[in-house]
Amino acid sequence: MDDENEAWNDLVGLPAEPPEMRDICNGCGRPEVVCWCKSLPIPPLKPKSRVIILQHPAEEKRCLRTAPMLMRGLSEGKCLIFKGKKFPQYKHTGLMEIISMPNTILLYPSKESVDLTTLPKVSNTILPYNLILIDGTWPQAKGIYNNAPSLHKITQVKLLHHPRSEYVIRTQPTDGCLSTLETAAEALSILEEINYRDELLRPLKALCDYQISHGAVIHHSTEFKLKTKTYPKKLGKRLNKFLKELDEL
């Protein structure tokens, strides 16, 4: 009986209301204390070119994503996001038309890719560019590319010279990898000869600075750890294959 009374007393002591949740920002969907909306360019930037993102569904589940920063940092219609594992599909309204346009380019490091800096600048072209990016991990991006024959037919480009990633709270595979936001900012800056980097990357820098000030550590790339012999795990077949593929590009 005493045990039963004790159990009831424990239940009585429980709060009647659920614990108070942190306020969520309606703009970025993050808790207000880590909201990066105040770092967005005002007004949003309006490049002549458009960025088209082919996003793997798994990216939506990541808590630290940069595609939303790009979408919010550019004016309406300048950043389009299509989601899926195969492209284009019937649900991707307008994507096939974009892929078929002569001014569309794909930023992807295939063996056919050319240095982005060798393309004519927007000031010397009749039409601005449609810049297609694949948003996902390297295996996801490779899978999307391999399953989309229509992407193989358009001009493919790559970034050969660019600053190291500012996304220092996330481990990149190699020193040459950039986030989706950084890739778009770098490519637009090159193609239009205007510095879009500083304003577009402000939300990412603000996020990283906050995380670091609250205990997060700066992450070196897997490539850096391998070179400095600080990689904590034994190299598996998958990682070996991945690094070999990057060397061959």
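Author: Let's start with Tyr 108, which is buried at 6% relative accessibility, where buried means under 20% relative accessible area, exposed over 50% and partly exposed in between, using a 1.4 Å probe and protein chains only. The model is predicted, so local features need pLDDT of at least 70 and side-chain atom pairs pLDDT 80 or more, while totals for chains, interfaces and linings use all residues. Residues are numbered from 1 along each chain as its sequence is written, and side-chain values use heavy atoms, leaving out hydrogens and water.

Trp 138 is buried too, with a relative accessible area of 17%. Tyr 108 and Tyr 145 form a stacked aromatic pair, 4.2 Å centre to centre with 15° between the planes. Rings of Phe, Tyr and Trp (its six-membered ring) pair if their centres lie within 6.5 Å; planes under 30 degrees apart count as stacked, over 60 as edge-to-face and the rest as tilted. This pair links distant parts of the chain, 37 residues apart: Tyr 108 sits in the loop between S3 and S4, and Tyr 145 in helix H4. Helices (H or I, at least four residues) and strands (E, at least two) are DSSP runs, numbered from the N terminus. Tyr 145 is buried, as is Tyr 108.

The structure holds two aromatic pairs. In the other, Tyr 108 and Trp 138 are stacked, 5.8 Å centre to centre and 10° between the planes.
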